[in-house]
Amino acid sequence: MINRILLSLIAVLCLGPMAAAQNMQVSGTVTGQDGQPIVGATVVTEQGGGNPIGTTTGSDGTFSISVPADATLIVSFIGYESQTVPVAGKDNLLVTLQETSHSVDDVIVVAYGTSTKEAFTGSATQIKGGEIAKITKESVDKGMVGRMAGVRVGSDNGDPGSAGAIQIRGVGSISASSQPLYVVDGVVMGNTSSDIDLGFYKSTNLLSSMNPDDIESVTVLKDAAAASLYGSRAANGVVLITTKRGKTGATKINYSGEFGVQNRANTKAYEMMNGKQFIQYLKDGADNAYAINPALSFGYTGDEWAQMVMDPSGETSTNWTDEVFGNAFSHSHQLSMTAGNDKTQIYAGLGYHNAEGIVLGSYFERFSGRLNVDHQVKDWLKLGLRQAISVSDSKGVSDQSNQKQGMGYASPIGVLTGLDPTAAVKNDDGSYNEEVGWNPYAANPHLLFDSDLQYNKFHTMRSTSNVDIAVKFCDKLSLTNTFGFDYVDNKQSLWWAPSSIDGGDPLFGLSAYYIFQLQDISNSTILRYSDTFGDQHHLSALAGFELADHKSDFIYSASSNYPNDKLPALSVGQPHGTGGYQERSFMLSFLASANYDYAHKYYLSASWRRDGSSRLGKESRWADFYSVSGAWRLSEEEFMKDSDLFTNFKVKASYGTNGNLPSSYYAYKGLYSATGGYGSQSGIYWSNPDNPNLGWEKSQNFNVGFEWTMYDRVTLSAEYYNKLTSSLLFRVPSSAVTGFDVYWSNLGKLKNNGVEVEISSQNIRRKNFSWTTDFNFTYQRSLVKELPDGKDVPYGDGNMYIHREGESMYTFYLPEWKGVNPDTGMGEFWIDPSDHSKGTTNYYTEAGSGVVGKGLPDFLGGMTNTFRFCKHFDLSLLISYQFGGDLFDYPGYFTHHDGFRNASTVGTADAMDYWTPDNRDAKYPMPICQNPYRWDRFSSRLIKSTDNIRMREITLGYDIPVKRYFEQLRVYFKTTNPFMIWSATPDIDPDVPINGYRTADVPVTRSFVFGLNMSF
């Protein structure tokens, strides 16, 4: 009996503590004061002797965590007071968080650090990385459309991996770069196409080397107060990309996958003539020409022309648009892990993205990996390592991204306009028909694109590394050193087999290889100081210096005269050409800034940077850039402090300067080229005149605005900006007698101004239903203020653009089309666009030119509505819009040729609305084969409005309530560019490059995607 009692006591003493230490499953819901669930709130055990255990709330605000029964949980979320909650054996908790100071303490990423919205005196907009990844898995820029005031993204190329452009607050320069600076985790990243413009055949986008799923946030710095610390590189704004970091708490694994299909967004575009329409167009064009001069129709009548097609009856009618452009499939997978304790935090991510192009045979494939580690070595020493590697491959066809005149026969649009609509796709035996071309260069797209006869392939490897070392001397003083290395290795291979469209006589095959390497090495050392005096005065400051070494190498080699279609190696052909260059530039910078506030009501900031660049001469390579800014939070004053209408109200203003460098590395130097020749002899010639006084392009920026939060539900911000750029880096046209076309000089002025408005509102906040709206609006102008000697400067393809004092950037300067004379069917131009009293002419060569439009829109923006309902469902809709801009329809130059290209080109179906005696109110003039009047040439007739309202993105998601096994399990369906709500030009997609030039490239696409997110 005694033994049994002793054994029982031992069991109680030994097993009792074990039972107390056993974990229990605790579930709960985290909400705000309004009862709405808080998504992404952190729930972590209070640190005791062991490692903390943590999780985050799902889309319905719920969480589930296994913890000891006597544990204490700390629940926190940005903008809310943290709350300590004892478990006390309860298995279900309801936690209500209180907002902190009206949520003004949200942290945003700024130049060389972070700030709170409360203290920030500049102009910046930040979006979460998840919002970008929700739109695209391909490239960061494509996820920014319509989401930020003052930010415009331009591209009309739907080929996967193709280049785009971002424009912040108008046009920053005329001849120098107008693209923003990209900074990833504090390290400058090589730009998009401007750093890798090989100038040959096909564009690429370096931003597509970054996986959007690895991004935590993207911040766009827009005014001088926000960007001046980046000095000469910030003239066009700064895009700060912050990647995800590890978090303290339990290890968390996330998987996201997407499967989708895409096709042409605008199905009305490139709707070609059918068989009978084409025959009729040929007949009328030939008859009209024959009546003027039989030589124009090559001596053939209309009936004779009609017999030249593959099926003169017209009964065969092939929709070649659907054969050139089809459905394309894509899939994307991302696996990531976050883990950490009080010493070390780790984020690791692996990604794979594969997207077919809508043109047969084209694709984009990317493998990516990222590792971010932060380690607290000592109380005074912290190390950070960030390493990303991506390898991408793409295959496509030649594009017109350089906007040079001419449309390749083997480009998708070139092929489409050369195919006979009366030719069948396949022969009777099921094989693809080879006799389908209306011109001798066109080929069946199934045989051309889905083969290895002609292609462009890209292989890109990118490695981005940076190491942070932070030394904390005391609570007030610290030093951070950041070393960064960005390396890009890009290889392009081009192959035109001897039997391909472009590889025939006289090349007899062409194989070319281009190797481009980019290296950016940077190091910044920043000393930071922060202190509070008397509880009311807060001061922070930094000072430092920075070194940057930029190097690019390019090698090109080509061979021609190949014996067959199967061996594209350079050694198989005969030498056709070689070339290359090596360029390098250095920059040394010193910088400092200071921020002061009194009682969190009055804020004052100032910054200074001094840059020295090797791209400029010794006498002018150094320049100083600065900014001053201030803000006043009126809502903290006694007369507003308790007002619900003014939950938060702040006014702010800033003034400062930025700079810009020439795109050429050696623009100030007198250069000689050894790549020329004199007959069969080698030759050296003077290629660039020197200008030792070539200096910085400088911008003076003024910004004023306010931020207003009403009733804790509506936030309104409005800003006015005015930027004057002087000493423009200008490629000035030169007289031919000098031996140079242009030379670099500092001449001219450019003015950008505008208004930006952003509104965020919580329209409905209920337990099982919420509705929020985010709206942004931009009004912008970009005017040329001063030019060399006040003279106009024409430029662009066929000199279609003009720089003129008082006119907008990207102004179209062309003959003005009057229309069709209803009595004669002839096309007419105004002789003098500025004086219509001088009458009209039928001949293009007799028409004068005038301002007929501009590529820059006046108004643009977007609106996002987000709904959460039935506890587990969410729906978001993004609408974008723009008004007041125009495009130049370069493909329309070919598809509306008024009979001039009847012998080679098929037009679009709408060109059938041409003049006949029975159709006197026609849109287009009567067709004339080899039309001697040339009504088709560049004129206002090709200028179209880009005004549109577009449904940009729709996402419907459902959170599956399986918290027992997953922290989150979400399925969703999304579609991008699903339809146009309204468009001024319905048969043309209004998404075009920044300057409004619609290229003859792969059309913009729309996609339909199913996705899965799960975390555990």
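**A short tour: strands, a sheet and one threonine**

Hi everyone, let's begin with a pair of strands: β24 and strand β25 (residues 537-560) run antiparallel and are joined by 24 bridges. Two strands count as a pair if DSSP finds at least two bridges between them, and the strands (E, at least two residues) and helices (H or I, at least four) are DSSP runs numbered from the N terminus.

Before we go on, this is a predicted model, where local features need pLDDT of at least 70 and side-chain atom pairs count only at pLDDT 80 or more, while totals for chains, interfaces and linings use all residues. Residues are numbered from 1 along each chain as its sequence is written, and side-chain values use heavy atoms, leaving out hydrogens and water.

Back to our pair: isoleucine 515 stands opposite isoleucine 555 in β25. Three residues lie between the strands of this hairpin, and glycine 534 there takes a positive phi near 60°. On to strand β23 (residues 477-496), which is joined to β24 (residues 510-533) by 20 bridges, again antiparallel. Here glutamine 492 sits opposite tyrosine 514 in β24.

Next, an open sheet: its four strands come in the order β3-β2-β5-β6, with antiparallel pairing. At the edges are β3 (54-56) and β6 (83-86), each pairing on one side only.

Finally, where is threonine 905? You'll find threonine 905 in the loop between α9 (890-895) and β48 (943-945). Threonine 905 counts as buried because its relative accessibility is 8%; buried means under 20% relative accessible area, exposed over 50%, and partly exposed in between, with a 1.4 Å probe and protein chains only.
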